[in-house]
Amino acid sequence: MKKKFNLYCGLLIAAIVFGIGISMFHTCYCMYTGGKAGIELAKSDRETGVKRDPFWALNMVNQMVPVEMMRKNPLEMSGDSIMNLKTGEKMPIQTVVGIVWTKDAGNRMMILSSIGHFNWIFLIVFFVAFIKFVIGVNKGRLFEKSMEKQLTWGGWAVLGMYVLSWVTILINHIMNVQTFEFADYNQLIMQTPDTALLYSAFGMLLMGQIFKIGRTMKEEQELTI
């Protein structure tokens, strides 16, 4: 029984690491393409004698604002187009998610990134609680208060990640509505946090209560005997 339990725990950890790995790969790829473009631009600047502000790239990042939008008339094609290199044809395109560069952004990207960093705190809390839970099960400490505590900490940590994702999305959306009003588009929230986090959080909190009930019943049986 413990072998299956450890197997499932290992698969869960592998799934979490896989998800984090995908995000890290995406981040690294963006950094690689951005760094490559920066090197080519620096080389071109040296050849042409162009001088730039040393912090121009950082300023450009700070002026980036993610925006989600939907065309007011979804059946009306916009004037935007994208080139299909396979056919050489320019094809109409509707923007759904985009990046707007604006001098009114302030330090928005830094603020949103700073909020997102708290996710790592919740993730560390979850992993610590989960590992302690697995160790406790393998040592046979199923009906102890420490097991309930680990499940509770893990559940609240996952719930914290879910809520924090919503906070980031809502702050960005509210600031977008205050800053922009596009002629043919309505601003919407289309990309929402993964509800699997919410299910997992309440699932762990529920398991903690089940363990508590089991411990209480065990203590009552021992007193009866």
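Here are some notes on the aromatic pairs and the salt bridge in this predicted model.

1. Aromatic count. The ring search gives 5 aromatic pairs. One of them joins Phe133 and Phe211 edge-to-face, with the ring centres 5.8 Å apart and 65° between the planes. Phe133 belongs to helix H3 (residues 108-138) and Phe211 to helix H5 (residues 195-224), so this contact ties together parts that are 78 residues apart in sequence.

2. Burial of that pair. Phe133 comes out buried, at 7% relative accessible area. Phe211 is buried too, at 16% relative accessibility.

3. A stacked pair. Phe180 and Phe182 sit 5.4 Å centre to centre with 20° between the planes, and that makes them stacked. Phe180 is buried at 12% relative accessibility, whereas Phe182, at 22%, is partly exposed.

4. A ring cluster. Phe126, Phe127 and Phe130 are linked by ring pairs into a cluster.

5. Charges. The salt-bridge count is 1. Arg71 and Asp184 make the bridge, their closest N and O atoms being 3.8 Å apart. Arg71 lies in strand S1 (residues 64-71) and Asp184 in the loop between helix H4 (145-179) and strand S5 (185-187), so the bridge ties together parts that are 113 residues apart in sequence.

6. Arg71 is buried, with 6% relative accessible area, while Asp184 is partly exposed at 39%.

How values were computed. Residues numbered from 1 in each chain as written. Predicted model: local features only at pLDDT ≥ 70, side-chain atom pairs only at ≥ 80, totals over all residues. Heavy atoms only, no water. Phe/Tyr/Trp six-rings, centres within 6.5 Å; stacked < 30°, edge-to-face > 60°. Helix = DSSP H or I, 4+ residues; strand = E, 2+ residues; numbered from the N terminus. Buried < 20%, exposed > 50% of the residue type's maximum accessible area, 1.4 Å probe, protein only. Salt bridge = Lys/Arg side-chain N within 4 Å of Asp/Glu carboxyl O.
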